[in-house]
Structures are given as C-alpha cells and as structure tokens.
Amino acid sequence: DDQALAIANDSSVGLAAYFCTNNLSRAFSFSQRLECGIVGVNEGIISSASAPFGGVKESGLGREGSSMGLAEYLETKYIFMN
C-alpha cells in the first residue's frame, strides 16, 4: 500500500483516484491517505449530482455540485444577541 500511495500521490494534480479491494478497512484507510478530491472504490463511474465534485493541488480549490457547491455563493453572518 505504501508504494502504491507514494506513486499515486507523487503528482501536482489530484482530481480523482480509483482502486479495487475487497477489504473494507483497507478501502477506508487507503482512501483517506490518497491526495485527491474524489475516490472510486471498486467503481469507475463516481460522479453524481448529489456528490461534491472537485480536486486538490493543481486540480482546483473548492467543490461544485451538492450543497457544498452552494457555499461559495453564500455569505455567512454571525449575529449575537443578549
């Protein structure tokens, strides 16, 4: 796993990564350590309108789609009353 992660993360871009495994623990651990915005485990078609879309590194900042994509268009206001 360490060698595969080193190869996968040795990139200036990080939109998506894909891998196959039948070990659920390994799937979560490997996914967390990948430097990318989207991970497909045992699946090649991972885009969905309800899922956030975006990468890391030179693949972009922020997310499109889902409720996370709306955050960039909103202004948060904090109001404290006593």
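A: The answer below begins with the model, then turns to the cysteines and ends with the chain around them.

This is a predicted model, in which local features need pLDDT of at least 70 and side-chain atom pairs count only at pLDDT 80 or more, while totals for chains, interfaces and linings use all residues. Residues are numbered from 1 along each chain as its sequence is written, and side-chain values use heavy atoms, with hydrogens and water left out.

A disulfide is a covalent bond between the sulfur atoms of two cysteines. Here a disulfide is counted when a pair of cysteine sulfur atoms lies within 2.5 Å, and the count by this rule is zero. The reason is distance: the cysteine sulfur closest to that of Cys20 belongs to Cys36 and is 14 Å away, too far for a bond. Cys36, likewise, is in no disulfide, with the sulfur of Cys20 as its nearest cysteine sulfur.

The surroundings of each residue can be described by relative accessible area, found with a 1.4 Å probe and protein chains only: buried is under 20%, exposed is over 50%, and partly exposed is in between. Cys20 is exposed, at 66%, whereas Cys36 is buried, at 15%.

As for the chain as a whole, 21% of its 82 residues count as buried. It has three helices and four strands, taken as DSSP runs numbered from the N terminus (helices: H or I, at least four residues; strands: E, at least two). From the N terminus on, their order is α-β-β-α-β-β-α. The C-alpha trace spans about 55 × 30 × 25 Å along its principal axes.
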